Amino acid sequence: MNKTVLITGATSGIGKSTAILFAANNYNVVLCGRRQERLNALKQELGKETKVHTLNFDVRDKAAVFEAIESLPSDFTDIDILVNNAGNAHGLDTIDQGNTDDWDAMLDINVKGLLYVSKAIIPKMIAKKAGHIINIGSTAGKEVYPKGNVYCASKHAVDAITKGMLMDLNPYGIRVGAVNPGLVETEFSKVRFKGDESMAENVYKGFQPLKPEDIADIIYFVVTRPYHVNIADLIVMPTAQASATIVNKKV
Ligand code: NDP
Ligand code: 8X3
């Protein structure tokens, strides 16, 4: 029987590439996001290859998260793999200049949203004593960079939550791990800079950033190891990147 993977933030970037790769490999996919037209387009495209179900909810909305997961049709309730990917940075400001709405967004989406989705799915995994949770952290969860303050805090929280999940779900044979990317060219910087295309493009100028497909490949590799192998933590950066602040740019 085909396995089922639920991916949050499947409408763009890393989540979308992950959805495409898992669908191409005959996993049933549950695709989550807020942009319905993108969910529809993906369902149309990936539905040619596998079974697809879409869920439209904002991970910040606790009731909506639980309602959405409970609404899954029987073909999709048995979730084998959860990819907690939905998230973004909002703003890049020193702590004194930071916008409190941006802080709320990052902590509510990247941290609390990940917790709500996990809480809705973990009981099913505990019941069957199997499952795999992959949290998309970041190099920003391993080090702090100037003006990264609250985004880095949110990803450090993801790092801690991953470690906690690994311990607490250990008795149930559930695999837990994090994939922590460095600079990946997606819509991430457009969101961070609130639609300012030139600011966003500048982030990825002068070096070869990771592509979302690179991270999808790694997530697929992590999932397809034999079940007794759990990749608990993994950092992946472009070759041009050595740390959050050291990038070998040619311009
Ligand atoms: P994108 O902006 O391309 O994708 C973000 C995804 O998250 C979208 O599908 C978006 O869907 C979804 N999302 C955002 N907010 C919400 C919300 N409130 N409720 C539900 N879904 C939401 O960025 P990336 O693909 O780059 O980001 C994916 C993950 O990777 C994030 O957790 C990010 O922090 C992490 N990451 C990214 C890096 C990068 O350099 N790009 C590096 C390290 C980590 P929709 O708007 O339709 O809801
Ligand atoms: C995304 C990587 O360096 O822009 O998490 O924070 S960075």
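Me: On a 1 Å grid over the protein atoms alone, a pocket is an open set of points with protein on both sides within 12 Å along at least five of seven lines, a cavity is a set where a 1.4 Å probe fits but cannot get out, and lining residues have an atom within 4 Å of a point. Which space is taken by ligand 1?

Reply: This is a predicted model, in which local features need pLDDT of at least 70 and side-chain atom pairs count only at pLDDT 80 or more, while totals for chains, interfaces and linings use all residues. Residues are numbered from 1 along each chain as its sequence is written, chains are lettered from A and ligands numbered from 1 in the order in which they are written, and side-chain values use heavy atoms, with hydrogens and water left out. A molecule sits in a cavity or pocket if more than half of its atoms lie within 2 Å of its grid points. The space taken by ligand 1 is the largest pocket.

Me: How far is an oxygen atom of ligand 1 from an N or O atom in the side chain of Thr186?

Reply: Around ligand 1 are 30 residues, and Thr186 is one of those that come nearest; a residue is near if one of its heavy atoms lies within 4 Å. Gly9 has a polar backbone atom 3.0 Å from an oxygen atom of the ligand, and the side chain of Arg35 has an N or O atom 3.0 Å from one. For the side chain of Thr186 the value is 2.6 Å.

Me: How much of the area that ligand 1 exposes when taken alone does the protein bury?

Reply: Accessible areas come from the Shrake-Rupley method with a 1.4 Å probe. Taken alone, ligand 1 exposes 880 Å², and the buried part of that is 97%.

Me: Which element gives the largest share of the lining of the largest pocket?

Reply: The largest pocket holds about 1,200 Å³ of space and is lined by 50 residues. Elements that give two or more residues to this lining are helix 1, strand 2 (28-33), helix 5, helix 6 (188-192) and helix 7 (197-203). The largest share is four residues, from helix 6.

Me: Where does ligand 2 sit?

Reply: The residues around ligand 2 include Tyr151 and Phe188. Tyr151 is also among the residues nearest to ligand 1, and both Tyr151 and Phe188 are among those nearest the centre of the largest pocket. Ligand 2 sits in the largest pocket.

Me: How much of what ligand 2 exposes when taken alone does the protein bury?

Reply: Ser138 places a polar side-chain atom 2.6 Å from an oxygen atom of ligand 2, Tyr145 has one at 2.6 Å, and Tyr151 has one at 2.6 Å. Taken alone, ligand 2 exposes 240 Å², and the buried part is 88%.

Technical notes: Polar contact = N/O pair within 3.5 Å; in protein donor to acceptor, adjacent residues only side chain to side chain. Points joined across faces, edges and corners; volume = space filled by probe spheres on them.
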